Amino acid sequence: MAQRDLAADVPTCPDWTVRDALVHTGHVYLNKVANMRTMAKAEFAAVPAPAGGEIEWFRAAFDELVGELVTRGPDAAAYTWFPPDQTVGFWYRRMAQETAVHRVDVESAFGQVTPIAEDLAVDGIDEMLDLFVGGEWDPDSPDWGDVSHDAGAGTTTAVSAGDRAWWITLQPDRIGVTGEERPADARVTGSPSEVLLWLWGRLGDDALTVDGDAAVLRALRDRLTIAGQ
């Protein structure tokens, strides 16, 4: 990638250029290295990348992350924001997913998006639905913004990708996610890569097969947007 390419706009994240995507991802890498080294939540220190040297800076941040992961190994203890899993393995998974989605962001700037590998994409769907979306939702959180707690309450959306399927049920104070088939008010179907990118807001409804109640899909989309902040 040439330095001049860093100014290209990123269609999947309209407020970003390629430089923004690159620098953001590098800062994420360094933040996770700090989490592992200090065994505590590290502040996200967005120190400016050197102007004109962003690509080399990013590569160094990537190498530092990989070195930390490999040296420690997946079973080693580490601080994470997910209480049930306080191991380096959590960051193996999370950084693989972070990299996959932001790789698509950068590729979209040049019209050359390649699908995320099926096994990685299915794992990413599981991660998004289990860790980010499913479970209790704090009704007093400021993250709700203008989204109503009651939007879509009691409705279920079936999401299918490859040979896997998930049923997502919205409630004002929680979201249930299950692999057990049940009646659905709306359905979303696509390849694992398409579904993962849809969940993260990188693809619109027109990129997959969607049917059912449009209001139900809008309510789910609003929750996905909150969860992915």
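Tutor: Happy to. Helices α4 and α5 cross in a left-handed way, where left-handed means the near helix is turned anticlockwise from the far one by less than a right angle, and right-handed means clockwise. Helices (H or I, at least four residues) and strands (E, at least two) are DSSP runs, numbered from the N terminus. This is a predicted model, in which local features need pLDDT of at least 70 and side-chain atom pairs count only at pLDDT 80 or more, while totals for chains, interfaces and linings use all residues. Residues are numbered from 1 along each chain as its sequence is written, and side-chain values use heavy atoms, with hydrogens and water left out.

Student: What are the crossing angle and the axis distance for α4 and α5?

Tutor: The axes of α4 (residues 118-133) and α5 (residues 192-199) cross at roughly 35° and come within 8 Å. Axes are lines fitted to C-alpha atoms, for helices over the stretch in contact, and angles run from 0 to 180 degrees between N-to-C directions.

Student: Which residues make the contact?

Tutor: From α4 there are Glu118, Ala121, Val122, Gly124, Ile125, Met128 and Leu129, and from α5 Pro192, Ser193, Val195, Leu196 and Leu199. Contact means heavy atoms within 4.5 Å. By type, the residues of this contact divide into 9 nonpolar, 2 polar and 1 charged. Here Ala, Val, Leu, Ile, Met, Phe, Trp, Tyr, Cys and Pro count as nonpolar, Asp, Glu, Lys and Arg as charged, and the others, Gly among them, as polar.

Student: Why is α5 described as largely enclosed by the rest of the structure?

Tutor: Because 7 of the 8 residues of α5 are buried. Buried means under 20% relative accessible area, exposed over 50%, and partly exposed in between (1.4 Å probe, protein chains only). The buried residues are Pro192, Ser193, Val195, Leu196, Leu197, Trp198 and Leu199. Their cover includes α3, α4, β2, β5 (186-190) and α6 (214-227).

Student: And what follows α5?

Tutor: Gly201 follows α5, with a positive phi near 75°.

Student: Which residue other than glycine has a positive phi?

Tutor: Met39 is one, with phi near 55°. Met39 lies in the loop between α1 and α2 and is partly exposed, at a relative accessible area of 44%. As background, most residues other than glycine have a negative phi. Gly52 is also found in the loop between α1 and α2, and Gly52 is exposed, at 51%.

Student: Back to packing: how do α2 and α3 sit?

Tutor: α2 (residues 54-72) and α3 (residues 88-108) pack at an angle of about 145°, with axes 10 Å apart. Their crossing is left-handed. Leu65, Leu69, Val70 and Arg72 of α2 meet Val88, Trp91, Tyr92 and Met95 of α3. Those residues divide into 7 nonpolar, no polar and 1 charged.

Student: New topic: how many aromatic pairs are there?

Tutor: A search of the whole structure finds 9 aromatic pairs. Rings of Phe, Tyr and Trp (its six-membered ring) pair if their centres lie within 6.5 Å; planes under 30 degrees apart count as stacked, over 60 as edge-to-face and the rest as tilted.

Student: Why do Tyr29 and Phe62 count as tilted?

Tutor: Their planes are at 55°, so the pair is tilted, and the ring centres are 5.9 Å apart. The pair links distant parts of the chain, as Tyr29 is in α1 (residues 18-38) and Phe62 in α2, 33 residues apart. Tyr29 is buried, at 0% relative accessible area, whereas Phe62 is partly exposed, at 35%. Another pair, Trp81 and Phe82, is edge-to-face, with 6.4 Å centre to centre and 75° between the planes.

Student: Which residues form the aromatic cluster?

Tutor: One cluster is formed by Trp81, Phe82, Phe90, Trp91, Phe132 and Trp200.

Student: Where does the charged end of Arg221 sit?

Tutor: Over the ring of Trp198, 4.7 Å from its centre. Likewise, the charged end of Arg223 sits over the ring of Trp137, 4.9 Å from its centre. The criterion is NZ of Lys or CZ of Arg within 6 Å of the ring centre and within 35 degrees of the ring normal.

Student: Last one: is Thr157 buried or exposed?

Tutor: Thr157 counts as buried, at 2% relative accessibility. Its place is in strand β2 (residues 156-161). Leaving aside neighbours within four places in sequence, the contacts of Thr157 include Trp166, Ala186 and Leu220.
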